[in-house]
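Q: I would like to learn how to read the features of a model such as this one, going from single residues to the whole chain. Could we take them one at a time, with the general idea before the case?

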Amino acid sequence: MANFDHRALQVTALKVAGDFICSEDLSAGGVASALVTASGSVHTGICIDTACSLGFCAEHAAIADMLKSRQTRIVAIVAMNADGAVMPPCGRCRELIRQVDPGNWHTAVVVAPDTVVTLAELLPFAAPVKPAVAG
């Protein structure tokens with residue numbers, strides 16, 4: 001697992017967390033995520049919760065922010081709720097991390113305040129992702 005400061009990553013996520021009501025049908029920010037890429041850049045995102053289930057997780061938002069800079073390799077990722085509790089990624093988030101880059105199999109995932117595991121440990125029976133073919 002790569003070296004990174006998981007406490008600093010948690011602080012970064014917590015800085016953008018904070019539930020706010022956008023409308024009667026939508027709230028955002030109850031969970032925030034921060035990730036660090038292989039190049040050392042940090043990206044954040046917040047969840048969107050809707051009445052009709054069209055929202056998405058904070059990890060998805062952070063990954064989308066990362067993809068805007070044309071990066072795919074995630075060294076470490078964390079999600080925190082607005083109260084400061086670490087939120088392990090759901091299955092959908094785990095799959096997205098895995099599919100974004102084959103190297104993410106080794107991504108360090110913060111699953112509790114002082115507990116970090118690899119994505120491979122969270123998805124022990126997943127098939128490996130094939131690298132993209134330049135075309």
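Q: Is Glu95 buried, partly exposed or exposed, and what is its relative accessible area?

A: Before the answer, a word on the source: this is a predicted model, in which local features need pLDDT of at least 70 and side-chain atom pairs count only at pLDDT 80 or more, while totals for chains, interfaces and linings use all residues. Residues are numbered from 1 along each chain as its sequence is written, and side-chain values use heavy atoms, with hydrogens and water left out. As to the classes, buried means under 20% relative accessible area, exposed means over 50%, and partly exposed lies in between, with a 1.4 Å probe and protein chains only. Glu95 has a relative accessible area of 25%, and therefore counts as partly exposed.

Q: With which residue does the side chain of Glu95 meet in a salt bridge?

A: A salt bridge is a side-chain nitrogen of Lys or Arg within 4 Å of a carboxyl oxygen of Asp or Glu. The partner of Glu95 is Arg98, at 2.9 Å from N to O, and Arg98 is buried, with a relative accessible area of 12%.

Q: Why are Glu95 and Arg98 separated by about one helical turn?

A: An α-helix has 3.6 residues a turn, so residues three or four places apart point the same way. Helices here are DSSP runs of H or I with at least four residues, strands are runs of E with at least two, and both are numbered from the N terminus. Glu95 and Arg98 are about one turn from each other because they lie three residues apart in helix α3 (residues 91–100).

Q: How many salt bridges does the structure hold?

A: There are three. Another is formed by Lys68 and Asp65, with the closest N and O atoms 3.2 Å apart, and these two residues both lie in helix α2 (residues 58–68), three residues apart. Lys68 is exposed at 61% relative accessibility, whereas Asp65 is partly exposed at 23%.

Q: Which residue forms a salt bridge with Asp114, and where does each of them lie?

A: Arg7 is the partner, with the closest N and O atoms 2.7 Å apart. This pair links distant parts of the chain, 107 residues apart, since Asp114 is in the loop between β5 (108–112) and β6 (115–118) and Arg7 is in helix α1 (residues 6–16). Asp114 is exposed, at 54% relative accessibility.

Q: Which residues of α1 are buried, and against what do they pack?

A: The buried residues are His6, Leu9, Gln10 and Ala13. They lie on the same side of α1, because they cover an arc of only 100° around the axis, where the arc is that of the directions from the helix axis to the C-beta atoms. These buried residues pack against β2 (26–37), β4 (74–81), β5 and β6.

Q: With which side chains does the side chain of Thr37 make a polar contact?

A: A polar contact is a pair of N or O atoms within 3.5 Å; within protein, one must be able to donate a hydrogen and the other to accept it, and residues adjacent in sequence count only if both atoms are side-chain atoms. Thr37, which lies in strand β2, makes such contacts with the side chains of Ser41 (2.8 Å) and Gln71 (2.7 Å). Thr37 is buried, with a relative accessible area of 2%. Contact in the wider sense means heavy atoms within 4.5 Å, and, leaving aside neighbours within four places in sequence, Thr37 is in contact with His43, Met66, Gln71, Arg73 and Val75.

Q: What is the phi of Ser53, and where is its place?

A: Most residues other than glycine have a negative phi. Ser53, although not a glycine, has a positive phi of about 65°, and its place is in the loop between β3 (42–50) and α2. Arg70, in the loop between α2 and β4, also has a positive phi, near 60°.

Q: How many helices and strands does the protein chain have?

A: The chain has four helices and six strands, and from the N terminus on they run α-β-β-β-α-β-α-β-β-α. Of its 135 residues, 41% count as buried.
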